[in-house]
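Colleague: I am new to this one, and I would like to understand the words as well as the values. Could you take me through it?
Modeller: Gladly; here it is.

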Amino acid sequence: MYGFEAMTFNIHGGYLEAIVRGHRSGLLTAADYNNLCQCETLDDIKMHLSATEYGPYLQNEPSPLYTTTIVEKCTLKLVDEYNHMLTQATEPLSTFLEYIRYGHMIDNVVLIVTGTLHERDVQELLEKCHPLGMFDSIASLAVAQNMRELYRLVLVDTPLAPYFSECISSEDLDDMNIEIMRNTLYKAYLEDFYRFCQKLGGATAEIMSDLLAFEADRRAVNITINSIGTELTRDDRRKLYSNFGLLYPYGHEELAVCEDIDQVRGAMEKYPPYQSIFSKLTYGESQILDKAFYEEEVKRLCLAFEQQFHYAVFFAYMRLREQEIRNLMWISECVAQNQKSRVHDSVVFIF
Amino acid sequence: MVASSSSWSQALVQISPYTFAAIGIAISIGVSVLGAAWGIYITGSSLIGAAIKAPRITSKNLISVIFCEAVAIYGVIVAIILQTKLESVPSSKMYDPESLRAGYAIFASGIIVGFANLVCGLCVGIIGSSCALSDAQNSSLFVKILVIEIFGSALGLFGVIVGIIMSAQATWPNN
């Protein structure tokens with residue numbers, strides 16, 4: 001019953017909620033980002049990060065530091081925290097936490113299949129995969145030639161199996177089909193997650209609906225913009241949009257027929273929450289659009305912490321950490337390539 | 001015997017007043033302890049988790065647990081007071097109106113105290129959980145949220161006061 005979760009939530013979820021809120025207090029603040037943006041070398045970054053919670057993970061790294069090492073160690077911290085929470089969780093929180101990984105699994109599957117298509121070595125690809133999305137038998141994805149084999153050999157044993165029903169075909173895998181496969185899988189995953197949250201009810205359903213609807217709408221806009229000028233037909237494009245969210249169904253009708261970014265902007269400006277995002281764009285700069293979407297997402301994720309006794313804080317924390325790792329990667333790349341003037345182009349402050 | 005026209009009211013007045021009194025005493029202590037325990041586990045689980053990252057909050061936030069415990073103590077005190085009100089009357093007077101009144105008064109007193117303490121314990125527990133989590137993030141919030149908790153614990157006190165007044169006029173007929 002909505003409003004009375006406070007009476008029974010703490011039986012199973014109280015300890016973990018308190019832990020995740022403790023982790024949240026360790027997110028980097030604007031002051032930390034200012035210090036990091038003023039670093040001259042990657043060793044300076046390492047020194048600044050040792051004073052934060054990333055200290056134990058970075059202090060043993062030898063001196064010629066690479067950007068990928070920093071990102072890898074920070075991701076390792078996130079994975080450790082996630083595994084710690086997952087092992088302590090009971091149903092339904094454990095299922096909820098598992099759902100958070102499926103997005104990464106989909107990205108890893110697509111990474112390996114694309115890499116194999118371009119004849120890269122499997123070991124090298126496995127190192128680039130996100131650790132949260134690893135599963136057994138992921139390496140045998142390199143063997144598959146078309147989607148039916150992909151499903152039959154590897155994916156039928158993974159949690160992604162139910163998402164494949166819409167995209168099994170005997171076509172060979174090429175770049176276009178892989179992108180379509182990625183978006184179809186992600187659509188099925190988002191809808192499944194949405195249904196699961198609705199079943200949980202209460203504050204979790206309300207907050208997660210908002211967050212997932214924003215995610216679905218953002219992906220719809222990105223799919224539209226990325227498929228302008230490609231061979232993707234309007235019907236195929238419409239099939240990739242999720243069936244929930246603020247844009248469903250009328251926004252999707254308008255987006256499906258868009259042929260350039262100004263038409264997209266015209267379609268989106270009818271929705272007040274997205275009007276502010278699109279008003280920041282001048283003409284056709286997609287990097288600013290990405291940053292604007294990230295800022296909006298971070299604002300909504302921070303709001304999830306305002307309420308107690310629900311599961312959306314776990315989802316919000318994972319997403320905020322991932323945003324922080326993206327920020328660190330951007331800052332490290334700018335410092336490593338001596339382009340410090342561009343540092344603020346893509347860093348989204350969380351607090 | 002009380003004049004009655006329906007079989008239900010006849011059945012109710014045939015129940016011994018001691019039954020009602022004893023059930024009232026049981027409810028006063030049993031349900032109060034339920035409320036206190038509920039509040040303590042709600043606060044305790046959040047406090048343990050939050051204290052991992054912020055160990056300084058443990059000693060101050062035990063106040064929330066103490067407020068919940070006070071609720072159980074109210075229940076014990078009222079149960080002891082109520083059981084001193086139970087007196088024996090000869091069986092000829094057991095169904096006198098005054099006897100019935102005494103039995104019902106003790107019953108009502110027990111219910112008042114039990115359920116007031118149940119909701120008070122819940123209230124203090126939930127606020128205590130939020131207090132621990134907020135204190136871990138920002139220590140200036142502790143005292144402010146404690147004020148809310150103090151108002152919450154006054155609810156149990158109201159129940160105790162009314163319960164004791166109620167039971168004070170539970171006089172059995174003279175032997």
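Modeller: Let us begin with chain B: of its 175 residues, 43% count as buried. This is a predicted model, in which local features need pLDDT of at least 70 and side-chain atom pairs count only at pLDDT 80 or more, while totals for chains, interfaces and linings use all residues. Residues are numbered from 1 along each chain as its sequence is written, chains are lettered from A and ligands numbered from 1 in the order in which they are written, and side-chain values use heavy atoms, with hydrogens and water left out.

Colleague: What secondary structure does chain B have?
Modeller: Chain B comes to five helices and zero strands, and from the N terminus its elements run α-α-α-α-α. Helices (H or I, at least four residues) and strands (E, at least two) are DSSP runs, numbered from the N terminus.

Colleague: How do you know whether chain B is spread out or a compact globule?
Modeller: The radius of gyration of chain B is 21 Å, well over the 16 Å that the globule rule gives for 175 residues, so chain B is more spread out than a compact globule. That radius is taken over C-alpha atoms, and the rule is 2.2 Å times the number of residues to the power 0.38. Along its principal axes, the C-alpha trace of chain B spans about 70 × 30 × 20 Å.

Colleague: Which residues of chain B make a nonpolar surface patch?
Modeller: B:Leu155, B:Leu157, B:Phe158, B:Ile161, B:Val162 and B:Ile165 make one of about 540 Å². Patches are made of residues with over 30% relative accessible area and no salt bridge; like charges are joined within 9 Å, and nonpolar side chains (Val, Leu, Ile, Met, Phe, Trp, Tyr) within 5 Å. Areas come from the Shrake-Rupley method with a 1.4 Å probe, and for residues only the protein chains shown count as cover.

Colleague: Why is B:Ile165 called exposed?
Modeller: B:Ile165 has a relative accessible area of 56%, so it counts as exposed. It lies in helix α5 (residues 141–168) of chain B.

Colleague: And B:Ser130, what makes it partly exposed?
Modeller: Its relative accessibility is 22%, so B:Ser130 falls in the partly exposed class. B:Ser130 is found in helix α4 (residues 97–137) of chain B.

Colleague: Which residues gather in a patch of negative charge?
Modeller: They are A:Glu72, A:Asp121, A:Glu124 and A:Glu127, on the surface. Lys and Arg count as positive and Asp and Glu as negative, while His and the chain ends are not counted. The place of a charge is NZ of Lys, CZ of Arg, CG of Asp or CD of Glu. A:Glu72 sits in helix α5 (residues 67–88) of chain A and, at 51% relative accessibility, counts as exposed.

Colleague: What makes A:Asp235 and A:Arg238 a salt bridge?
Modeller: Their closest N and O atoms are 3.7 Å apart, and a salt bridge is a side-chain nitrogen of Lys or Arg within 4 Å of a carboxyl oxygen of Asp or Glu. Being three residues apart in helix α11 of chain A, A:Asp235 and A:Arg238 are separated by about one helical turn. A:Arg238 also meets A:Glu253 in a salt bridge (3.9 Å, N to O). This second pair links distant parts of the chain, with A:Arg238 in helix α11 and A:Glu253 in helix α12 of chain A, 15 residues apart.

Colleague: How many salt bridges are there over all chains?
Modeller: The structure holds 27. One of them joins A:Glu296 and A:Arg300, whose closest N and O atoms are 3.1 Å apart, and both of these residues are buried. Salt bridges that share partners also join A:Glu53, A:Lys77, A:Glu81, A:Arg321, A:Glu324 and B:Lys53 into one network.

Colleague: Why is A:Phe309 called buried?
Modeller: Its relative accessible area is 7%, so A:Phe309 counts as buried. A:Phe309 also has a positive phi of about 70°, although it is not a glycine.

Definitions and conventions. Buried < 20%, exposed > 50% of the residue type's maximum accessible area, 1.4 Å probe, protein only.
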